[in-house]
Amino acid sequence: RVRVAELHVGTYWAVLDRDRRCWCRAQVLKNCLPSATHCTAMESRIEFQLVDYGIVVNVWLQDVCVLDERFTLCPPYAVHSALAKLSPPAEDAFRGWSEESCRAVLAMCKGQEILTAYFVP
């Protein structure tokens, strides 16, 4: 059983991603459980980045397990990247990317070898 005190920022664990219905390799970004010293008691989940998907999820303590050492040997499948000098149009600056802007970028990439692209503000 995992203890709250073990979940330090930057450490790697196996977490159950209920949306994907599978266990994933993950890195702790923020531990906001009540016994953590820097968070309020109102927050009750741990924030992880799924290293093979590149997305951030909030996970209950019961959905965290020790990551078998064999799974720490291969590098993450997701690579953090950005398109150079690409930003939302001025009218979208405060809201982030509009649906129309996302479609336009995806259209420019059509026919290119792309696995998955997530637009994160």
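Reader: Is R25 buried or exposed?

Author: The terms rest on relative accessible area: buried means under 20%, exposed over 50%, and partly exposed in between, with a 1.4 Å probe and protein chains only. R25 has a relative accessible area of 11%, so this residue is buried. Please note that this is a predicted model, in which local features need pLDDT of at least 70 and side-chain atom pairs count only at pLDDT 80 or more, while totals for chains, interfaces and linings use all residues. Residues are numbered from 1 along each chain as its sequence is written, and side-chain values use heavy atoms, with hydrogens and water left out.

Reader: With which residue does R25 form a salt bridge?

Author: A salt bridge is a side-chain nitrogen of Lys or Arg within 4 Å of a carboxyl oxygen of Asp or Glu. The partner of R25 is D52, with 2.6 Å from N to O. This pair links distant parts of the chain, since R25 belongs to strand β2 and D52 to the loop between β3 and β4, 27 residues apart. D52 counts as partly exposed, at 22% relative accessibility.

Reader: How many salt bridges does the whole structure have?

Author: A search of the whole structure finds five. One of them joins R20 to D17, whose closest N and O atoms are 2.5 Å apart. Here D17 is buried, at 5% relative accessibility, whereas R20 is partly exposed, at 28%. Another joins R70 to D68, at 3.0 Å between the closest N and O atoms. R70 counts as exposed, at 60% relative accessibility, and D68 as partly exposed, at 33%.

Reader: Which residues have the most contacts inside the largest nonpolar core?

Author: In soluble globular proteins, nonpolar side chains tend to be buried together. A nonpolar core is a set of buried Ala, Val, Leu, Ile, Met, Phe, Trp, Tyr and Cys residues joined through side-chain atoms within 4.5 Å. The largest one here has 16 residues, and those with the most contacts inside it are L7, W13, V15, I46, F48, L50 and V64. Two or more residues of this core come from each of β1 (12-17), β2 (22-31), β3 (46-50) and β4 (55-59).

Reader: What does W13 touch?

Author: Contact means heavy atoms within 4.5 Å. Leaving aside residues up to four places away in sequence, W13 touches V2, E6, L7, C24, R25, A26, V28, F48, V64, C65, V66 and L67.

Reader: Where is R21, and what is its phi?

Author: R21 lies in the loop between β1 and β2. Its phi is positive, about 60 degrees, although R21 is not a glycine. This residue is exposed, with a relative accessible area of 75%.

Reader: Where is confidence lowest, and where is it highest?

Author: The predictor's confidence in each residue is its pLDDT, from 0 to 100. Where pLDDT is low, the predicted coordinates should not be read in detail. The protein averages a pLDDT of 79, and 74% of the residues score at least 70. Among the elements, confidence is lowest in helix α1 (residues 99-109), at a mean of 79, and highest in β1, at 94.

Technical notes:
Helices (H or I, at least four residues) and strands (E, at least two) are DSSP runs, numbered from the N terminus.
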